[in-house]
Amino acid sequence: MKSLLEIRRDLHKIPEIGFQEKKTHQYLLTIIEQLWKPYFKIDTWKTGIIVTIAGKNPQLKVGWRTDIDALPITENTGLPYASEHPGFMHACGHDFHMAIALGLVAAFSQQQPENTIIVYFQPAEEGPGGAKPMLEWMQKERPDLVPNYIFAMHIAPEYPVGTVATRPGMLFANTSELFIDLHGVGGHAAYPHHTKDMSVAAANLMIQLQTIISRNLNPLDSGVITIGKMTSGYVQNVIAENARLEGTIRTMSAESMSLIKKRIEALCKATEIAFECKVEIDYGSSYYQVYNQEQCAKALLACAEETIGVVAYECPPAMTGEDFGFFLKDIPGAMFWGGANTEFGLHHASIQPDEDLIEVNVRFVEQFLRHYGLPRFNRQ
């Protein structure tokens, strides 16, 4: 097998978006098949892969999930192993996540674990969301693949390599995409009274949306509505017939997400009346909160404290979104941030995580998964 550093760089070259990870899927299978042992079992779901590693004396099935998709971002790192797929990039560290997961499979191929370990290579985390349908398929068609506990990590640019940062309870927010299309009547700029101007309607609605957090959400709660893109019209002397707002919603509770969506819908209806137009809402991909089971999160921190070269840190929650939350909704488990030590943030075209994080996290996670639920590490 190639080194994990070479594997990560190979994967970095072939970024693919959700449910289109065909090259990635084949590359992963090639490596996994090189590691195959009689106690291994390989299943596939869409472009995802599930590796079951039977334990010698299994009392539990412990899951480890990694994501495999990339983002529609043009890379700007200048690296010799930069993306070979124009317009796409592993800008969220999933190439690192995959390398770590393959490192775990390699480690378990060399020494069979006591408990059964299941490693999930999940597609489409960035969108439209692979965790929910993958889990639903397992629950309905393959309950043998559903673990008793499940864990995952995500790289964190702001933390030093070797940091394991997590917390019991809320780690990542509930998230939802937001797309609003407004349809009116276009016309000549000199005859506005014959039109229904969607530039004005969209601008008014965008301002109104910003009142939801300040005037409808409990001040002791947290939420975000960001409109990152607004488009309307196509030339300076024609009144826009259509307009579009694109944004995101983030909340620290499922109840607040529901409240915000109700208010958005009410403001859109009011816009229809006020501007005599039609307004359509599409929430796109919506991700459930990443809520760590208390004992599982404490187990990660306890193991980190006991591991040489690793630092445990109980971190604050973040407004980041992650579809791993759908796993944690039904299965006890936890996620942690793994330090990546890079000046650029997630989804940045120039992000270059420190490759030393691969070895550190393979060593830490292997020990954690081997010991979780056993008498010497009885933290479940």
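Okay, let's start. What you see is a predicted model. How many helices and strands does the protein have? There are 10 helices and 17 strands.

Now the overall shape. A compact globule of 380 residues would have a radius of gyration near 21 Å. The protein has 23 Å, so the two agree. Along the principal axes, the C-alpha atoms fill a box of roughly 80 × 45 × 40 Å.

Of the 380 residues, 54% are buried. Take the contacts with a separation of 6 or more: 80% of them come from residues 24 or more positions apart. The accessible surface is about 16,400 Å². Carbon and sulfur atoms hold 51% of that surface.

Charges, quickly. The protein has 32 positive and 43 negative ones. Their mean positions lie 4 Å apart.

Now the backbone. Most residues other than glycine have a negative phi, and most peptide bonds are trans.

Look at the loop between β4 and α4. P128 sits there. The peptide bond joining G127 and P128 is cis, with omega about 0°. A124 is in the loop between β4 and α4 too. A124 is not a glycine, yet its phi is positive, about 60°.

Then move to the loop between α7 and β13. E276 is found there. E276 is not a glycine either, and its phi is positive, about 50°.

E276 is exposed, because its 55% is over 50%.

Terms used:
Residues numbered from 1 in each chain as written. Predicted model: local features only at pLDDT ≥ 70, side-chain atom pairs only at ≥ 80, totals over all residues. Heavy atoms only, no water. Helix = DSSP H or I, 4+ residues; strand = E, 2+ residues; numbered from the N terminus. Rg over C-alpha atoms; globule rule 2.2 N^0.38 Å. Buried < 20%, exposed > 50% of the residue type's maximum accessible area, 1.4 Å probe, protein only. Contact = heavy atoms within 4.5 Å. Areas by Shrake-Rupley, 256 points an atom, 1.4 Å probe, with all protein chains shown as cover. Lys, Arg positive; Asp, Glu negative; His and termini not counted. Charge placed at Lys NZ, Arg CZ, Asp CG, Glu CD.
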